Structures are given as structure tokens and as C-alpha cells.
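Visitor: I am new to this structure. Please take one part of it and go through that part closely.

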Amino acid sequence: MKLSVKAKRWLLTAHILFSAIMFGNMVTFLILSITVASTNDGNLIESCYRIMHVLSSTSVKASTIATIITGILLSVLTKWGLFQFYWLIVKEVLTLMPLGLNLWGMYYWTMDAFRIMQTSQDRAALFMVQTELWSGIIIQMLSLILIFVLSVFKPWGKRHAASRS
């Protein structure tokens, strides 16, 4: 089954919107993390982690799942296919990073940071969580930017079927 042009455009629009929301979430995480790193105000730090945790349990998860579902549908229901083009395979592999980071990492890291701020305010433990969170944000933003670039330029072309002897 292939999509009509109009249906493909609607599905592509949804995919782009969900991807933009996912990227916007990471920009928000970056801004909040910069705020945390540049202040000593415990209330402000706790608020930043609370906001990140709420986002990680709602918008981050929803946009990640919706982006993956619409991406799979676009691949399966159009000429692109899941494994016919090298650039698409690279996008699929890169998608595993935001998938794991968004559905697991961001949620637990922000929950840990918020818990540390509320209970012990252990600076060493908070520093470790902040480092993990920063790493996740940077990895995720870079992988999303690379996915966007691959979507626009579509390098490397079509895979050639292995010749059968």
C-alpha cells in the first residue's frame, strides 16, 4: 500500500512537527541546564529540574514516540522503504540515540537531580547527574541535527541488491 500525495504530505507534516517538538525540547533542556550551571539559587535550580522532569515525562516522550511512528510510516508507505537507501539506514541508527535518551535517560536524570535537590543537595552526586544530563542533551542535539541534514541532502544513494550467483 502506498500513500496518495496528499496523505504523504499530511504524514510528512506531522513527522516534521513532532521532530521539531523533540528538538525544541532539547533546546529547552539546554537553556535550563545553562541556567542551573550559572546560578547558586537553590530554588531556581530545583525549579529548572522540576520543569525538565515534567517535560521528560510528557512532551519529550510523546514527541519521540510520534516522530518514530510517523517516520516508520513514511518509510513503509512511500518509495523510500526501510532499508533501500544508505542515508535512511544511517537515520534509523541515529534515531536509536534519541529513543534511548528520551524514553529513559532524560526522565531518570532529571528525577535524580530533582530528588537530590529536595533531599541531600549532595554537590558531588548533583555534579554527576548534571554531567550525565549535559552529555545526553549534547548527544541528542547533535544526532537530531545530523538526522535533519541527512533528511534534506539524502546522500549516498540507493543500496544495490547483492548479486546472486
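Guide: S19 has its place in helix α1. The model is a predicted one, and helix α1 covers residues 5-37. S19 counts as buried because its relative accessibility is 8%, and the cut-off for buried is under 20%. Leaving aside neighbours within four places in sequence, S19 is in contact with T67 and F148.

T13 is found in helix α1 too.

With a relative accessible area of 33%, K8 is partly exposed. On the surface, K8 gathers with R9, K79 and K154 in a patch of positive charge. Over the protein chain there are 14 positive and 6 negative side chains, and the centres of these two sets are 27 Å apart.

Now the setting of the helix. The protein chain has five helices and zero strands, which gives the pattern α-α-α-α-α along the sequence. Its C-alpha atoms fill a box of roughly 65 × 35 × 20 Å along the principal axes. Of the 165 residues in the protein chain, 36% count as buried. Among contacts between residues at least 6 apart in sequence, 78% join residues at least 24 apart. The accessible surface of the protein chain is about 9700 Å², and carbon and sulfur atoms account for 69% of that surface.

Key
Residues numbered from 1 in each chain as written. Predicted model: local features only at pLDDT ≥ 70, side-chain atom pairs only at ≥ 80, totals over all residues. Heavy atoms only, no water. Patch = residues over 30% accessible without salt bridge, like charges linked within 9 Å, V, L, I, M, F, W, Y side chains within 5 Å. Areas by Shrake-Rupley, 256 points an atom, 1.4 Å probe, with all protein chains shown as cover. Salt bridge = Lys/Arg side-chain N within 4 Å of Asp/Glu carboxyl O. Lys, Arg positive; Asp, Glu negative; His and termini not counted. Charge placed at Lys NZ, Arg CZ, Asp CG, Glu CD. Helix = DSSP H or I, 4+ residues; strand = E, 2+ residues; numbered from the N terminus. Buried < 20%, exposed > 50% of the residue type's maximum accessible area, 1.4 Å probe, protein only. Contact = heavy atoms within 4.5 Å.
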